[in-house]
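Dear colleague,

I am handing over the structure below, and after it I set out what was found there. Please read the notes with the model open beside them.

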Amino acid sequence: MSLLNDKVAVVTGAGRGIGRAVAIAYAKMGANVVCVSRTEENASRVATEIEALGQKAWAFAVDVSDTSAVEASAKSILEATGKLDILVNNAGITRDNLLMRMSEEEWDTVLNTNLKGAFNFTKAFTRTFMKQRSGRIINIASVIGLVGNAGQSNYAASKAALLGFTKSVAKELAPRGITANAIAPGFIETDMTAVLDEKVRGSIIDRVPMARFGSPEDIANAAIFLAMESTNYMTGQILTVDGGMVM
Ligand SMILES: NC(=O)c1ccc[n+]([C@@H]2O[C@H](COP(=O)([O-])OP(=O)(O)OC[C@H]3O[C@@H](n4cnc5c(N)ncnc54)[C@H](O)[C@@H]3O)[C@@H](O)[C@H]2O)c1
């Protein structure tokens, strides 16, 4: 299947976890992929995996929260690829703490990465999308942005704001044929959730009708759907992929 033949995608946080799964799934569907990660090493490793699939890949090390670094790298990305069809804002972090104990640094780091990072990358490519009169923006949010979670007020705020951002961008860019949608994953097996102890994992699984965590590939499949030519009338939506946890 080549649902994304010759499309160019930028995936942030592509070095591991969900971002890596999206980057590889896109390549398997025929896309050429720009892997953005904090470290050159992780970005290059995934880019090499993509080249082994016969697709073009580029590796860029950039901190998504650094506005001027993102602007500079967006320029370099476009020089390298010549166009951009799909942007996946996936880079994200957690710094969990109860509100009473949460530091300003924990709040700022999470908001700057999860929310400002998406703003930085989306803004950097908006002119390109508008000129092309096409483009797909896919923001990786979280079910926590829909329902909240004790100990994650910073993370929940960043993800809920990302949903508001997605809907506003969708309204602004729709007249140019550009879509913006969000995916809200439930609990997915990645390094982010590997830190949870068995007791916490058990209590989460008790709340998931499918009684298991999802895989990064489950999210990648939703990201393919939102990037396909045939979903071009769907914008401003939140696709929840969580084994039925939030409905
Ligand atoms: N794993 C889950 O259960 C889950 C659930 C809901 C949403 N999400 C979201 O999915 C996304 C990916 O999460 P994951 O589970 O794959 O996490 P992960 O920690 O395995 O991977 C996150 C990736 O983002 C990159 N990253 C983090 N900060 C960055 C920055 N400032 N600049 C550039 N890259 C940066 C990391 O280097 C890493 O490659 C995140 O936005 C996360 O909030 C994850």
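A residue is called buried here if 20 or more other C-beta atoms lie within 10 Å of its own, exposed if 12 or fewer do, and partly exposed in between, with the C-beta atoms placed from the backbone. What you have is a predicted model, in which local features need pLDDT of at least 70 and side-chain atom pairs count only at pLDDT 80 or more, whereas totals for chains, interfaces and linings use all residues. Residues are numbered from 1 along each chain as its sequence is written.

Along the principal axes, the C-alpha atoms fill a box of roughly 50 × 40 × 35 Å, and 46% of the 247 residues count as buried. Of the contacts with a separation of 6 or more, 72% are between residues 24 or more positions apart, a contact being two residues whose C-beta atoms, placed from the backbone, lie within 7 Å.

The ligand is surrounded by 28 residues, of which the closest are Gly-13, Gly-17, Gly-92, Thr-190 and Met-192; a residue is near a molecule if its C-beta atom, placed from the backbone, lies within 6 Å of it. At least two residues of this shell come from each of helix H1 (17–28), helix H4 (104–132) and helix H7 (191–194). By class, the shell holds nine nonpolar, 15 polar and four charged residues, where Ala, Val, Leu, Ile, Met, Phe, Trp, Tyr, Cys and Pro count as nonpolar, Asp, Glu, Lys and Arg as charged, and the others, Gly among them, as polar.

Strand E2 (residues 32–37) and strand E3 run parallel and are joined by five bridges, two strands being paired if DSSP finds at least two bridges between them. Ser-37 has Ala-61 as its bridge partner in E3. Strand E3 (residues 57–61) is mostly covered, with four of its five residues buried. Together with helix H2 (residues 40–52), E2 and E3 make a right-handed β-α-β unit, which is to say that, with the strands pointing away from the viewer, the path from the first strand over the helix to the second runs clockwise.

Arg-133, in the loop between H4 and strand E5 (135–140), has a phi near 60 degrees and is exposed, with 10 other C-beta atoms within 10 Å. Leaving aside residues up to four places away in sequence, Ala-141 touches Lys-159, Leu-162, Leu-163, Ala-182, Ile-183, Ala-184 and Ile-238.

With kind regards
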